[in-house]
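Visitor: I would like to learn how to read backbone angles and charged pairs in a model. Can you take me through them step by step?

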Amino acid sequence: GRLLSRLVVNMPEDTVTRYIGGETVSFFSTATVYATSEGAADCALEAATRFAEPVELAKAFGTVFIDPATVVVTPVTYPTIADGSFAAKLSGKIEAAGTIVDLTILIVAFRQGNVTAVVGSAAAFDPSTDEMQPLVDLVLQRIKGAQP
């Protein structure tokens, strides 16, 4: 069974200026701890099957995208990490302070032992895997450090 899940989002004070400048407007990470590695593997497999459908992956971001059915999901080349991983970009329309704008979210999802995690960033244009790499490494390092 799932024991604990946590979502952390980091955003600058002036997201509008960063968005207009084509910079990253948010970084986020979420991790879910399971009782066993087998439980995490089972849930990761179930999620991979469900999220293979682009609409389902877009819906996983709640109300971020105006219409999940129009979100374009593109696989991203990213080195395999931990016990298995995948990376993708989701591009679609969002509403920001009453204005409809484009947003692209880059995610790297992985499993390490009994923990599944997703690390991501959001930008007006094309989020960089190079920019996100240190955060992915940090999350993985902290997960490994907390496991027996």
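Visitor: Is Ala 82 buried, partly exposed or exposed?

Guide: This is a predicted model. Ala 82 has a relative accessible area of 33%, so it counts as partly exposed. Ala 82 sits in the loop between β3 (72-75) and β4 (85-96).

Visitor: Where does Ala 97 lie?

Guide: Ala 97 is in the loop between β4 and β5 (99-112). Its phi is also positive, near 55°. Ala 97 is exposed, because its relative accessibility is 86%.

Visitor: Now the charged pairs. How many salt bridges does the structure hold?

Guide: Side chains of opposite charge can pair when their charged atoms come close. The structure holds five salt bridges. One of them joins Asp 102 and Lys 93, with the closest N and O atoms 2.8 Å apart. Asp 102 is partly exposed at 39%, and Lys 93 is partly exposed at 41%.

Visitor: Which residues do shared partners join into one network?

Guide: Arg 50, Glu 56 and Lys 59. Arg 50 bridges to Glu 56, the closest N and O atoms being 3.8 Å apart. Lys 59 meets Glu 56 at 3.7 Å, N to O.

Visitor: How many residues apart are Lys 59 and Glu 56?

Guide: Three, about one turn of helix α3 (residues 54-59), where both lie. Glu 56 is partly exposed, with a relative accessible area of 26%. Lys 59 is partly exposed at 47%, and Arg 50 is partly exposed at 45%.

Notes:
Residues numbered from 1 in each chain as written. Predicted model: local features only at pLDDT ≥ 70, side-chain atom pairs only at ≥ 80, totals over all residues. Heavy atoms only, no water. Helix = DSSP H or I, 4+ residues; strand = E, 2+ residues; numbered from the N terminus. Buried < 20%, exposed > 50% of the residue type's maximum accessible area, 1.4 Å probe, protein only. Salt bridge = Lys/Arg side-chain N within 4 Å of Asp/Glu carboxyl O.
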